[in-house]
Amino acid sequence: MTPADRGRPLTAARPLDLPRWMYVPASVGAAFVLLPLAAILAKVDWTHFGSLITSEDSQAAFWLSLKTSTASTLLCLAFGVPMALVLARRDFPGLSVLRSLVLLPLVLPPVVGGLALLYTFGRRGLLGGALDVIGVQVAFSTIAVVMAQTFVAMPFLVVSVEGALRTAGQRYEVVAASLGAGPTTVFRRITLPLVLPGLVSGAVLSFARSLGEFGATITFAGSLRGRTRTLPLEIYLQRETDPDAAVALALVLVVVAVLVIAFARPGRGAL
Amino acid sequence: MTLELSCVLAERDVDLAFDVAAGETLAVLGPNGSGKSTALAVVAGLVAPDAGRVVLEGRVLTDNGAGRPGAFVPPHDRRTALLGQEPLLFPHLDALENVAFGPRSAGVPRSAARRRAQQWLDEVGVGDLSRRRPAQLSGGEAQRVAVARALAAEPALLLLDEPMAALDVAVLPALRQTLRRVLAGRSAVLVTHDPLDALLLADRVVVLTDGRVVEQGSTGTVLSRPRSPFAARLAGLNLVSGVWRQGGVETADGLRVVGQVEGDPPSPGEAAIATFRPSAVAVFRTPGEGSPRNSFEVTISEVEPLADLIRVHAGRLHADVTIQAAGALELATGLQVTFSVKATEVSVYSR
């Protein structure tokens, strides 16, 4: 018996039967999710698909989305991992309140998040005046897109990494410290590798959330072609003027989403 | 003195102190919850005592409490490597990198750290498993790697918290020999509940009960002349403690035991202890039989089968009888019997 076998629960050779009626709501639910995807596939104008997704506007929106989502994912990592560590490893008065507030964007309507950002970093916002003085105008710029995406995507990373940290526990970290490793060495060589699956799935989820971000972006960054008009905004606008282009771009996002799910599954640690 | 420890933790009702001499292995024995692991945690810097002082090789690691400077050195800067029941090898590193972790953290270059790690793996007999991941090691192998990892960190004091408690009995003798070899001449604190570990690995023993040191001395003395009920149980002896009156040990509840006095005889009224082996106790159904010197009327509280004997428990006293005798006497829980032991079988000494 290897140590890995020891904790394995007893599994029946054949799983127990489910109540038969259970398959009815389960099938309805699955159909509800899968049918609309099939509808998009059916609606795609395959003969012009190539030209539709390579039009100048589509290209601009696609690359802008990719760049901003990558940037916001990196920002989520840079700030979210330390936040997760403080939430998982420290205990101080008000910690649980702080956790709830930090995770608020998970449940907050994105358009409200966009408004909040506007009243913070906008020209007449809380910090906007000060930023204006030093010549920085954030609102309605590509930076605003990244900020809106980071705002809505960060909680996904924090939740995922915090869960992984709590699951991993502190036992390995205690051993590492007793072997003479300082806090930074412990973080780099023990903590990070141990929570890597949670970190990867959190980053992938954050990336996906950033890629799909619409409400906060249009509120805080507007819809300026090539600067703030990301793929979801482009799809929404094209829907009016060129439905075929909208459907083609929607399919692109569906494909990206499928890839993201496939990529995130091995590390389904926390969410 | 390598280690000086004293600590008070009000919440856990711990108030104890002990020392470890240079190159000495000290075994800390005691029942569950007696404060053994707490003492180790205080030394390792994982727990700050309400008041306490930890000095290792002349360096003050912890010094706090009323009127104290409040010094506290963090765990990674104490040079006290910890080895617990579970190996806790870092799962993402192979055996060699696990052992090289300590030297690497101390700034040793990678290749030198690996060379040293390989030497330690060889030393504990798992040199050929260096490229294995922890998941590919058996429990005994993993614990050997953990021993190598703790030693490779070159600690000033090695802290072992029941390092063999979670292992398969089949691998224990070999690992015990390995530990005996690597602990020789090394300063270490070994928390254990196994008297064999104490006998083979430790130079000295401290017995804790309810967060206090109740007994300490060389391993041989503590196990052959226990002064605490816990040490007596470990040594497999009956222990009766009371005061010395008219050539016998008298307990508060009226028991009187006479025996062979070891060392200087206690003075009258002084606390004294009598010990005797359970196999020296004869059991009778009727009172007054056998040797008149020591006989106790008792009620059987438990009858426990051992390998080829029956152990009869009657409160704090125990008797070992043959299976045949137990059958003939029809021994059962609740039965009133007489325990009788010859004075020549009883050791008496002052507390």
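In what order do the elements of chain A run from the N terminus on? They run α-α-α-α-α-α-α-α-α-α-α-α-α-α, and the count for chain A is 14 helices and zero strands. Chain B, by comparison, comes to nine helices and 23 strands. The points below treat each chain, the contact between the chains, the nonpolar cores, selected backbone angles and the confidence of the prediction.

**Chain A**

- Along the principal axes, the C-alpha atoms of chain A fill a box of roughly 65 × 60 × 30 Å.
- Chain A has 271 residues, and buried residues make up 37% of them.
- Among contacts in chain A between residues at least 6 apart in sequence, 79% join residues at least 24 apart.

**Chain B**

- The C-alpha atoms of chain B fill a box of roughly 75 × 50 × 35 Å, again taken along the principal axes.
- Chain B has 351 residues, of which 42% count as buried.
- In chain B, 65% of the contacts between residues at least 6 apart in sequence join residues at least 24 apart.
- The domain assignment divides chain B into domain 1 (3-224) and domain 2 (236-350).
- The C-alpha centres of domain 1 and domain 2 of chain B lie 38 Å apart.

**Helix H1 of chain B**

- Helix H1 of chain B spans residues 36-44 and is mostly covered, with nine of its nine residues buried.
- The buried residues of H1(B) include Lys36(B), Ser37(B) and Thr38(B), as well as Leu40(B), Val43(B) and Ala44(B).
- After H1(B) comes Gly45(B), whose phi is positive, near 85 degrees.

**The contact between the chains**

- The contact takes 20 residues from chain B and 18 residues from chain A.
- On the side of chain B that touches chain A, the elements that give two or more residues are strand E7 (80-83), helix H2 (95-105) and helix H4 (139-152) of chain B.
- By class, this side of chain B has twelve nonpolar, seven polar and one charged residues.

**Nonpolar cores**

- The largest nonpolar core has 139 residues, and those with the most contacts inside it are Val99(B), Leu159(B) and Val189(B).
- Helix H8 (residues 142-168) of chain A gives the most to this core, contributing 16 residues.
- This core also draws at least three residues from each of domain 1 (3-224) and domain 2 (236-350) of chain B.
- Not counting residues up to four places away in sequence, Leu159(B) touches Leu40(B), Val43(B), Ala44(B), Thr80(B), Ala81(B), Leu82(B), Leu83(B) and Val189(B).
- A second, separate core of ten residues includes Leu231(A), Ala245(A), Val247(A) and Leu249(A).

- Most residues other than glycine have a negative phi.
- Asp210(B) is found in the loop between strand E10 (204-209) and strand E11 (212-218) of chain B.
- Asp210(B) counts as partly exposed because it has 13 C-beta neighbours inside 10 Å.
- Glu330(B) is found in the loop between helix H9 (323-329) and strand E22 (336-341) of chain B.
- Glu330(B) counts as exposed because it has 8 C-beta neighbours inside 10 Å, and the cut-off for an exposed residue is 12 or fewer.

**Confidence in chain A**

- The mean pLDDT of chain A is 89, and 92% of its residues reach 70 or more.
- Within chain A, confidence is lowest in helix H1 (residues 3-6), at a mean of 46, and highest in helix H10 (residues 183-194), at 96.
- The pLDDT is below 50 over residues 1-7 of chain A, a stretch with seven contacts in the model beyond near neighbours in sequence.
- The pLDDT is also below 50 over residues 267-271 of chain A, and this stretch has 21 contacts in the model beyond near neighbours in sequence.
- Where pLDDT is low, the predicted coordinates should not be read in detail.

Conventions: Residues are numbered from 1 along each chain as its sequence is written. Chains are lettered from A and ligands numbered from 1 in the order in which they are written. This is a predicted model: local features need pLDDT of at least 70, side-chain atom pairs count only at pLDDT 80 or more; totals for chains, interfaces and linings use all residues. A residue is buried if 20 or more other C-beta atoms lie within 10 Å of its own, exposed if 12 or fewer, and partly exposed in between; C-beta atoms are placed from the backbone. Helices (H or I, at least four residues) and strands (E, at least two) are DSSP runs, numbered from the N terminus. A nonpolar core is a set of buried Ala, Val, Leu, Ile, Met, Phe, Trp, Tyr and Cys residues joined through C-beta atoms within 7 Å. Domain bounds come from an automatic or database domain assignment. Two residues are in contact if their C-beta atoms, placed from the backbone, lie within 7 Å. pLDDT is the predictor's confidence in each residue, from 0 to 100. Ala, Val, Leu, Ile, Met, Phe, Trp, Tyr, Cys and Pro count as nonpolar, Asp, Glu, Lys and Arg as charged, and the others, Gly among them, as polar.
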